[in-house]
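User: I'd like to learn how to read the pockets of a protein. Can you take me through it?

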Amino acid sequence: DGDAFREGINANVFLQPLAESLPMEFTHKMNSLFCLKDGFTGDRIDNQLYTLEEILFRRLRLYVPPLAPLLIEITEASGDSREEHLRQCVHRLSSEASDVKDPRENMITARLARGAAEGIDAFAIALMETYHALLES
């Protein structure tokens with residue numbers, strides 16, 4: 001199919017437009033942990049854990065091999081820990097901080113932004129909860 005299709009590409013996938021049409025089984029699990037799997041092989045696409053909100057509001061950068069279809073399956077993660085997710089959130093935040101367009105892209109920024117929107121007391125509580133979670137992990 002030509003030189004343009006010889007190499008794979010890194011594609012940015014933005015799933016926010018799907019948020020309004022999600023089945024109820026997903027919307028009730030906003031705080032559950034999910035992973036991304038290849039719909040054909042069942043293998044995890046990456047080793048990251050995400051909340052559903054993070055999947056919907058961040059731009060996922062995925063590698064698409066040359067001339068290969070990619071079907072993304074969003075699956076509830078089993079056996080994975082909240083501590084691991086928190087470590088990944090800190091890492092993503094430190095490596096992608098300048099690229100954050102929406103606080104919902106990262107569980108930590110979402111928690112702090114919601115607290116700030118509710119008032120100084122709620123922000124202080126969110127900040128302390130985040131601080132204690134980081135100390136525990």
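Predicted model: local features only at pLDDT ≥ 70, side-chain atom pairs only at ≥ 80, totals over all residues.

User: Where do I start, and what is the volume of the largest pocket?

Analyst: The general idea goes like this: you roll a probe the size of a water molecule over the atoms, and that shows where empty space is left. Here the largest pocket comes out at about 420 Å³.

User: Which residues lie nearest the centre of the largest pocket?

Analyst: Look for Asn31, Thr51, Arg82, Met107 and Arg111, out of a lining of 19 residues.

User: And which helix gives the largest share of that lining?

Analyst: That's α4, with six residues. At least two lining residues come from each of α2 (52-57), α3 (82-96), α4 (107-118) and α5 (120-136).

User: How does the lining of the largest pocket divide by class?

Analyst: Nine of the residues are charged, five are polar and five are nonpolar.

User: Now the second largest pocket: what is its volume, about?

Analyst: This one is about 310 Å³. Its lining has 13 residues, and Arg58, Arg59, Leu60, Arg61 and Glu96 sit nearest the centre.

User: What classes of residue line the second largest pocket?

Analyst: Nine charged residues, three nonpolar and one polar.

Notes
Residues numbered from 1 in each chain as written. Heavy atoms only, no water. 1 Å grid on protein atoms, 1.4 Å probe; cavity = no way out; pocket = protein on both sides within 12 Å on 5 of 7 lines; lining within 4 Å. Points joined across faces, edges and corners; volume = space filled by probe spheres on them. Helix = DSSP H or I, 4+ residues; strand = E, 2+ residues; numbered from the N terminus. Nonpolar A, V, L, I, M, F, W, Y, C, P; charged D, E, K, R; others polar.
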